[in-house]
Amino acid sequence: MDGVEGTSDGGVREEASSGTKRGVTRAARSLELGLRVVGMGFSLVAAVMVGVDKDTEVVAITVVTPCLRCTYFVVANAIACFYAAVSLVALSIMSTKKTTQNGLTLALLILDLVMVALLFSANGAAAGVGLIGLHGNSHANWKKVCNVFKTFCRNSTAGFAMSMMGSFVFLWLVLLGTLSLHKKSR
């Protein structure tokens, strides 16, 4: 049969003879695009929540840097958001082509993996700073600041949660890309 055939999961698989992607269902492509939009959204919200928060309080003690801006966290989430937007555009343009895109799928898989590593490292750094802000560090004589800068700590926690969800979305994209390449190789 030349062209389109049904699959056991209810999707539609297009054969290579029709000039389109073999083994990739429309549902899988829609899921990938949807996950990229969700990952972009989570990363954007996380970067904005932490990046624009300017909680200030007058305190009786000298505080050199009351709440670290978590610059690495904001920049990492901004990079992930930008990458998600660019990959959406690339996928949209390439989906109109009638050729197999193993190279594009592999490139996106590698870059998705880089985004997973970047986001999880930024989340780890932000969590460390957040715990010091919440509990302080008696060995370094750092006082806790979340009892004073409550809004900043709440926004940072929400941004951290959004970024973690974005990290897992990009991890899911890595798994989908790996499965897609595996199906194409058979």
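Select helices H1 and H2 to begin: these two helices are roughly antiparallel to each other (an angle over 145 degrees; under 35 counts as roughly parallel, 65 to 115 as roughly perpendicular and the rest as oblique). Their axes come within 8 Å and cross at roughly 155 degrees. Axes here are lines fitted to C-alpha atoms, for helices over the stretch in contact, and angles run from 0 to 180 degrees between N-to-C directions. H1 passes H2 in a left-handed crossing, a term for a near helix turned anticlockwise from the far one by less than a right angle, with clockwise giving right-handed.

The model is predicted, with local features requiring pLDDT of at least 70 and side-chain atom pairs pLDDT 80 or more, whereas totals for chains, interfaces and linings use all residues. Residues are numbered from 1 along each chain as its sequence is written, and side-chain values use heavy atoms, with hydrogens and water left out.

Next, display the side chains between H1 and H2. Contact means heavy atoms within 4.5 Å. Among the residues making this contact are Leu-33, Val-37, Met-40 and Leu-44 of H1, and Phe-73, Asn-77, Ala-80 and Tyr-83 of H2. By class, the contact of H1 with H2 has 17 nonpolar, four polar and three charged residues. Ala, Val, Leu, Ile, Met, Phe, Trp, Tyr, Cys and Pro count as nonpolar, Asp, Glu, Lys and Arg as charged, and the others, Gly among them, as polar.

Now colour by secondary structure. The protein has four helices and two strands, running β-β-α-α-α-α from the N terminus on. Helices (H or I, at least four residues) and strands (E, at least two) are DSSP runs, numbered from the N terminus.

Move on to H3 (residues 102–135) and H4 (residues 150–185), whose axes come within 8 Å and cross at roughly 155 degrees. H3 and H4 are therefore roughly antiparallel to each other, and their crossing is left-handed. The contact of H3 with H4 has 17 nonpolar, nine polar and two charged residues.

Within H3, select Thr-105. With a relative accessible area of 12%, Thr-105 is buried (under 20%; exposed is over 50%, partly exposed in between, with a 1.4 Å probe and protein chains only). Not counting residues up to four places away in sequence, Thr-105 touches Gly-177, Ser-180, Leu-181 and Lys-184.

The contact is made by Phe-73, Asn-77, Ala-80, Tyr-83 and Ala-84 of H2 and by Gly-159, Phe-160, Ser-163 and Phe-170 of H4.

From that group, centre on Ser-163 of H4. Ser-163 counts as buried, at 1% relative accessibility. Leaving aside its neighbours within four places in sequence, Ser-163 is in contact with Ala-46, Phe-73, Asn-77, Leu-119 and Asn-123.

Finish at the largest nonpolar core, which has 23 residues; Phe-73, Ala-80, Tyr-83, Met-115 and Phe-170 touch the most other members. Such a core is a set of buried Ala, Val, Leu, Ile, Met, Phe, Trp, Tyr and Cys residues joined through side-chain atoms within 4.5 Å. Helix H1 (26–51), helix H2 (71–95), H3 and H4 each supply at least two residues of this core, and H3 gives the most, with eight.
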